[in-house]
Amino acid sequence: MKKWQCTICGYIHSGDAPPEVCPVCGADKSQFTLVVEETPQPAAEKAPSPVVGKTRLEPGPSPASSAPLPLLSSEGIRRLMIKHHLHPITVHFPNGIIPMAAAFIFLAVIFQFAGLATASFYSMVFVLITLPAALFTGWNEWQKKYKGAMTPVFKIKILSALTVSACTLVSVLWSLIAPDVLKTPSTGRTLFLLLHVILLGATVSAGHLGGKLVFKD
Ligand code: FE
């Protein structure tokens with residue numbers, strides 16, 4: 001059976017033809033290339049340096065991605081960021097803290113416990129500080145690893161990341177301007193809670209799509 005590889009995300013499809021749309025990144029079938037399995041050669045016909053059982057693509061991958069570069073060059077640093085998985089590392093700070101901060105806000109309202117609202121505020125400040133690193137490493141990974149492809153999956157992921165950033169910024173500013181927003185029932189409090197529901201949804205969306213791209217399932 002033939003194998004086809006998505007040149008955007010690396011997903012492998014088995015079948016006579018490539019899928020209409022990549023189930024992982026949403027790229028269309030024009031982005032798939034046929035994978036050619038090189039079969040072992042008889043000993044007498046072997047080339048001096050045979051590659052046995054290796055999978056290769058036609059046409060081959062861009063040599064630019066494997067060419068050596070000075071480590072301290074901008075390009076070298078960007079490649080190191082991908083090699084050492086800086087985006088998954090940095091994105092776990094906001095992704096891990098936002099659900100806790102949102103939970104604190106709802107618990108603060110339910111139990112009328114101002115301490116939880118304060119804890120949530122400082123958590124959101126921390127998220128705001130860590131977001132630029134997550135955004136920058138994510139943008140770098142999208143540009144370098146996924147060729148900046150604007151498929152539906154990446155559109156939703158970028159929209160989710162921007163929504164998370166905007167909601168976090170608004171949450172922090174709102175708390176600074178109106179520190180008592182959670183104390184009494186009001187339209188403002190309802191909107192503040194709604195803001196954090198949207199924030200949580202966007203965080204889950206970005207994390208889900210990130211996991212899909214990493215694990216290819
Ligand atoms: Fe793909």
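This is a predicted model: local features need pLDDT of at least 70, side-chain atom pairs count only at pLDDT 80 or more; totals for chains, interfaces and linings use all residues.
Local features require pLDDT of at least 70 and side-chain atom pairs count only at pLDDT 80 or more, while totals for chains, interfaces and linings use all residues. Residues are numbered from 1 along each chain as its sequence is written, and side-chain values use heavy atoms, with hydrogens and water left out.

**Overall fold**

- The chain contains 5 helices and 4 strands, where helices (H or I, at least four residues) and strands (E, at least two) are DSSP runs numbered from the N terminus.
- Along the sequence these elements follow the pattern β-β-β-β-α-α-α-α-α.
- Of the 217 residues, 35% count as buried; buried means under 20% relative accessible area, exposed over 50%, and partly exposed in between, with a 1.4 Å probe and protein chains only.
- Among contacts (heavy atoms within 4.5 Å) between residues at least 6 apart in sequence, 59% join residues at least 24 apart.

**Iron site**

- The iron ion has as protein donors the SG atoms of C6, C9, C22 and C25, which lie 2.3 to 2.4 Å from the ion; donors are N, O and S atoms within 2.8 Å of the metal (3.2 Å for Na, K and Ca), and sites may look incomplete because water is not among the atoms.
- The arrangement is tetrahedral because the 4 donor atoms subtend angles of 103 to 116° around the iron ion; four donors count as tetrahedral if all angles lie between 85 and 135 degrees.
- The spacing of the donor residues in sequence is C-x2-C-x12-C-x2-C.

**Helices 4 and 5**

- Helix 4 (residues 152-177) and helix 5 (residues 187-215) have axes that come within 8 Å and cross at roughly 145°; axes are lines fitted to C-alpha atoms over the stretch in contact, and angles run from 0 to 180 degrees between N-to-C directions.
- The residues of this contact comprise 16 nonpolar, 10 polar and 1 charged; Ala, Val, Leu, Ile, Met, Phe, Trp, Tyr, Cys and Pro count as nonpolar, Asp, Glu, Lys and Arg as charged, and the others, Gly among them, as polar.

**Residue S175**

- S175 is located in helix 4 and counts as buried because its relative accessibility is 17%.
- Apart from neighbours within four places in sequence, S175 is in contact with F121 and F192.
- S175 and M124 are separated by 51 residues in sequence and by 9.9 Å in space, C-alpha to C-alpha.

Technical notes:
Four donors count as tetrahedral if all angles lie between 85 and 135 degrees; four count as square planar and six as octahedral if opposite donors are over 155 degrees apart and all others between 65 and 115; anything else is irregular.
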